[in-house]
Amino acid sequence: MSGAGSLVGDRAVVAAPMAGGPSTWQLAAAVTRAGGIGFLAAGMRPVDRLVQDVASTRGALEGTEHAVFGVNLFVPEPANTAVPGDRRAPGSPARRRRAESVRRYRSGLLAEARRLGVELPGPEVLDPDAMDGWEAKLEAAEAGAWPLVTFTFGLPAASVFDRLHAAGSVLGVTVTSAAEAVRALDHGADVLCVQGPEAGGHRSVHDPAATPGTTPLMTLLAEVRAAVGTGTARDVPLWAAGGIMDAAGVGGVLDAGATAAQCGTAFLLAQEAGTSPLQRTALERTASGTGFAHPDGSARTALTRAYSGRWARGLDNRFMREHTDAPAAYPEVNVLTGPLRQAATAAGDAESVSLWAGVGAAAVRAAPAAEIVRHLTP
Ligand SMILES: Cc1cc2nc3c(=O)[nH]c(=O)nc-3n(C[C@H](O)[C@H](O)[C@H](O)COP(=O)(O)O)c2cc1C
């Protein structure tokens, strides 16, 4: 078995990293203890808090057999090899157009800001090159010899894979196409998380300006499997993500060649999750068919760039429908809408805040994480 294979073993359920609150160390530890793979979400999390989370998870798992858990990092644009250099060059026409589109979008949000009584951040803090503590997080991963690290939002340079491999980490990349999968393996990925369009949260399309693919997860999985080959050195563990809510769903992706399912939405109502009360209520309404649901009972979700400047799937609400003109500008748009989302959350306004969730949201269950792992295990 490869290094990656022996670390991730035969665990069929991975609790997806969920930045912005849901992924607590308590959730990560509970999932791993229950026989899954728990995850911490490093995206937008200050490095000192993240290091504490890793220590807490390790502490909680002391004495647990095969205590594997992962840490997931957002790849910031300057570290993302999928973005051409000329598009990132300061002062380039692409950069000027991007700044202009962010300014226009900001103007369109002023009425929302007035309604919620907040100020929108000014252009001086809307930085396309914000690093999210990238270097400090890589150094922490090396110093702490984190066992499993995955990347989303892009593909780091091969030298980053070399660095973390030297520290002993097994490395994963979330991919949304066969071409991304092949490049991720070229750079040194040991595990691929194959994310379909059904997934809740952000699409991990490596080029943030590209339109996300619509190939359903099962077909995408087959395409990635064919592209990386079977029985070769590139035959790495594949984790399938998107809309998987029960043991039948996990069994389906295992039969289709995945080694595990990476489930996010299924864990949003876990007792140990840090999901906000507003999102919990919205999900409970979705599950009971009293909100964010189609007449047939399925969840009403949609893809939007309105909240963050990157395509993401969430419960379909007013803000998403009214701001369809958001530019491809993460993290600027995310910073821009921060005060609006905070104020809407404080006001209990579920129509004006991002409620990330996948297409299976109507099947979400409130329970301890261990019970959710059991519900997902074929
Ligand atoms: C609330 C939420 C936050 C998410 N945050 C992250 C994240 O920080 N990193 C990441 O790689 N994926 C993130 N995702 C995407 C998941 O990794 C995964 O692709 C998705 O949850 C799978 O679809 P499902 O939600 O239908 O299970 C997030 C998903 C949700 C629902």
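**Notebook: the domain interface and the ligand site**

I began with charge pairing across the interface of domain 1 and domain 2, where the rule finds 0 salt bridges. I keep in mind throughout that this is a predicted model.

I then counted polar contacts between domain 1 and domain 2 and noted 12 residue pairs, with both residues at pLDDT 80 or more. On the side of domain 1 that touches domain 2, I sorted the residues into 18 nonpolar, 6 polar and 3 charged.

Next I looked up the bounds: domain 1 is made of 3–83, 130–274 and 363–376, while domain 2 is made of 100–129 and 279–346. For the contact between them I listed 27 residues from domain 1 and 18 residues from domain 2. The centres of the two domains, taken over C-alpha atoms, are 24 Å apart.

For the area, I noted that domain 1 and domain 2 bury about 1,800 Å² between them, with 54% of this on carbon and sulfur atoms. Within domain 1, the residues that lose the most area to domain 2 are Ala130, His202 and Leu269, which together give 29% of what that side buries.

I found a polar side-chain atom of Asn72 at 2.8 Å from a ligand nitrogen atom, and a backbone N or O atom of Gly243 at 2.7 Å from a ligand oxygen atom. For Gln262, I noted a side-chain N or O atom at 3.0 Å from an oxygen atom of the ligand. Taken alone, the ligand exposes 600 Å², of which the protein buries 96%.

Definitions and conventions. Residues are numbered from 1 along each chain as its sequence is written. This is a predicted model: local features need pLDDT of at least 70, side-chain atom pairs count only at pLDDT 80 or more; totals for chains, interfaces and linings use all residues. Side-chain values use heavy atoms; hydrogens and water are left out. Domain bounds come from an automatic or database domain assignment. Contact means heavy atoms within 4.5 Å. Buried area is the accessible area (1.4 Å probe) that two parts lose on being put together, summed over both. A salt bridge is a side-chain nitrogen of Lys or Arg within 4 Å of a carboxyl oxygen of Asp or Glu. A polar contact is a pair of N or O atoms within 3.5 Å; within protein, one must be able to donate a hydrogen and the other to accept it, and residues adjacent in sequence count only if both atoms are side-chain atoms. Ala, Val, Leu, Ile, Met, Phe, Trp, Tyr, Cys and Pro count as nonpolar, Asp, Glu, Lys and Arg as charged, and the others, Gly among them, as polar. Accessible areas come from the Shrake-Rupley method with a 1.4 Å probe; for residues, only the protein chains shown count as cover.
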